[in-house]
Protein chains: 2
Amino acid sequence: MGLLEETQKEIRPLDAEEAWAADERLNSLTKPPGSLGYLEEIVRRYAAIRRDGSARKGRGAIAVFVSDHGVADAGVSAFPQAVTVEMLRNIAGGGAAISVLARRFGYELRTIDVGVRSDTSAAPFAGVTYRRVGSRTGNFLNGPAMTTGQVRLALEIGVETARDLASAGVTLIGIGEMGIANSTSASALLTALCGLPPESIVGRGTGLDDPGLRRKTEVVTRALELHHSALGDPMTMLAALGGFEIAAMAGVCIGGAACSVPVVVDGFISTAAAATAEKLIPGLIDHLFFSHRSAEGGHARVLEHLKVRPILSLDMRLGEGTGAALAMNVIESALDLFHNMATFAKAGVSGKVR
Amino acid sequence: MGLLEETQKEIRPLDAEEAWAADERLNSLTKPPGSLGYLEEIVRRYAAIRRDGSARKGRGAIAVFVSDHGVADAGVSAFPQAVTVEMLRNIAGGGAAISVLARRFGYELRTIDVGVRSDTSAAPFAGVTYRRVGSRTGNFLNGPAMTTGQVRLALEIGVETARDLASAGVTLIGIGEMGIANSTSASALLTALCGLPPESIVGRGTGLDDPGLRRKTEVVTRALELHHSALGDPMTMLAALGGFEIAAMAGVCIGGAACSVPVVVDGFISTAAAATAEKLIPGLIDHLFFSHRSAEGGHARVLEHLKVRPILSLDMRLGEGTGAALAMNVIESALDLFHNMATFAKAGVSGKVR
């Protein structure tokens, strides 16, 4: 039995009793009952996922997985493939959006190369962890993007990342990604997973023009036809249409759930990872927070399909974990309120009369 | 000419050129153009309000105005009137939700008694600023809530608060309030200002039961009939239906605009203040940020009517400036990204190809 199966066996349903304990404290705080709205639901779910009614808070961390995609050859991105390795350096070097937000909020940032086309591991960029599954995926218009061995390895890298962070005292993990053309891979996965027409899912990614958007939609349509027989099983589906970073993020979702650490899903591409993880392990989605409703393609529709409520809705479509970082700060704010507000008894505040 | 008129004369339209300068830098940062979504609009508006294309960031502060309402006698709140003074102490003492959030984000918290029924100024609570306009307003079922002299005084207290904070280096001011029965006052004002039926505006406040909600709606309906002739002019409308804290918050909106400091409006009651200020000085609303869509009554409808986009939507309905504090952190995050992300040129990242 491999790491994946062992990890899967550790995942338990949410702990409703611990959520209840947290709710009791929420109702003792000096505010009208329920008046913190969704923040109260966030605290209850955090307690249920952590199996800890006192909702203790540790450190936050963001894991950004960076990888390239063979399907970039089909001209589906507004930016050249070289941007992936350039952004790998920029993220680890502190200049990317996620670098700024991680610094701002005090979150550890792990930048992990899981298969960028240019292999820089011999002269490594400072701050990058190299866990390369390959040098970009295959173009899924010509065959599967990955072997099932690669899928398993990428998933396990994600699981190990989550386990490692959890054992270092992290209690909230954000996932993010960077990889030119990965919104094409995510669109194909989400179209297959949600059973919706490609036109309702595919978006402009980093800013495609109209002909580019048409081409991208055709690519997704052709890929779904080509790999039709692989779509029944999540592992073969991931092999056919996925990417190393998407599989790794799915692995973090699985590993986080096993360690009772909530994983905060970023935007469109991270949601493809989360939805794939849910297909692999039904019920896993309860252990996740969805950070924001992205402006990319059919993300809003996908969130509805998954029956999840995003914390933020700011029309962001940048990836990297930027939405996750902002939402983690909301989650931590909710926990701060939970821990540090006075109770009615302690503050000498009168209760409800009608 | 009084402080109010002098201040009003200083208000200029937003500076579109400075917004344009900020936009140029936004487009030079290592991200797909526009991919930070509403965060980019926030930066542009901040620059336009501040008249500063480099969008420099100073300190943040939250001004919470606390006051009582005569209409509480009509049984329109789920909590007794004594809670106002109890919460005045709790907010300044560090135990309220806004106290926790202000501490978390490093915002100065000003807690200002503008007319709590119990006068504690002789043995003052630590941390409270006493600027009492009166000992609670009159019950507006029996006559106007305030004299026009009181309205002017409360507005000026708000203006002075904004000026004082601005001169101390504050570049972002959140407004909040506490006052048992003030959602009844705000409902009456918003019903009059938006021209919508009371049933579509009035909500449960701190948690009214069904008979309480019916009574509150009747109270608003009766008040609007009684004060019908006062509703054409914003000053007499505020006198008839408003509250000291609502007028003071409207004053902060005015003072902030005059000092080129963006004011961040909290929820339902703060929105009544902002809408009143906009009625007094058309165009003022451009200088404000609306922090969140509250779950209270018709707040969503009111925001639509005002044609403003809230930053957050978390079903909060607590007041005190809690939504403002959370949204200020989003605004500051947007400014951090603006200042600290690398440019394409500096990071050596390739540009768009299609």
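Predicted model: local features only at pLDDT ≥ 70, side-chain atom pairs only at ≥ 80, totals over all residues.
How many bridges join β2(B) to β3(B)? Three bridges join strand β2 (residues 108-115) of chain B to β3(B), and the two run parallel. Within β3(B), B:Val128 stands opposite B:Thr111.

**The sheet of chain A.** Chain A has an open sheet of six strands in the order β3-β2-β1-β4-β5-β6, with parallel pairing. Its edge strands are β3 (128-130) and β6 (288-290) of chain A, and each pairs on one side only. Neighbouring strands here are turned by 30° against each other on average, with direction ignored. Strand β2 (residues 108-115) of chain A pairs with β3(A) over three bridges, in the parallel sense. A:Ile112 has A:Thr129 in β3(A) as its bridge partner.

Two helices of chain A pack on this sheet. Helix α10 (residues 244-258) of chain A touches β1 (59-67), β2, β4 (170-178), β5 (263-265) and β6 of chain A. The direction of α10(A) makes about 170° with that of β4(A). Helix α11(A) touches β4, β5 and β6 of chain A, and its direction makes about 115° with that of β4(A).

**A helix pair in chain A.** Helix α11 (residues 268-280) of chain A also meets helix α9 (residues 234-241) of chain A. Their axes come within 9 Å and cross at roughly 150°. Angles over 145 degrees count as roughly antiparallel. α9(A) and α11(A) are therefore roughly antiparallel to each other. Which residues make the contact? From α9(A) come A:Pro234, A:Met235, A:Met237 and A:Leu238. From α11(A) come A:Thr276, A:Lys279 and A:Leu280. By class, this contact of α9(A) with α11(A) has five nonpolar residues, one polar and one charged.

**Domains and chains.** Chain A is divided into domain 1 (3-55 + 339-347) and domain 2 (59-332). The C-alpha centres of domain 1 of chain A and domain 2 of chain A lie 28 Å apart. Their contact takes 17 residues from domain 1 of chain A and 30 residues from domain 2 of chain A. Between the two chains, 65 residues of chain A are in contact with 65 residues of chain B.

| Interface | Buried area | Share on carbon and sulfur atoms |
|---|---|---|
| Domain 1 of chain A with domain 2 of chain A | about 2100 Å² | 65% |
| Chain A with chain B | about 5100 Å² | 57% |

Which residues lead on each side? A:Leu4, A:Tyr38 and A:Ile49 supply 29% of the area that domain 1 of chain A buries against domain 2 of chain A, more than any other three residues. In chain A, A:Arg104, A:Leu314 and A:Arg354 lose the most area to chain B. Together, A:Arg104, A:Leu314 and A:Arg354 account for 14% of what that side buries.

Note on methods: Residues numbered from 1 in each chain as written. Chains lettered and ligands numbered in written order. Heavy atoms only, no water. Axes fitted to C-alpha atoms, helices over the stretch in contact; angles between N-to-C directions. Helix = DSSP H or I, 4+ residues; strand = E, 2+ residues; numbered from the N terminus. Parallel < 35°, antiparallel > 145°, perpendicular 65-115°, else oblique. Contact = heavy atoms within 4.5 Å. Nonpolar A, V, L, I, M, F, W, Y, C, P; charged D, E, K, R; others polar. Pairing = 2+ DSSP bridges. Domains from an automatic or database assignment. Buried area = accessible area lost by both parts, 1.4 Å probe.
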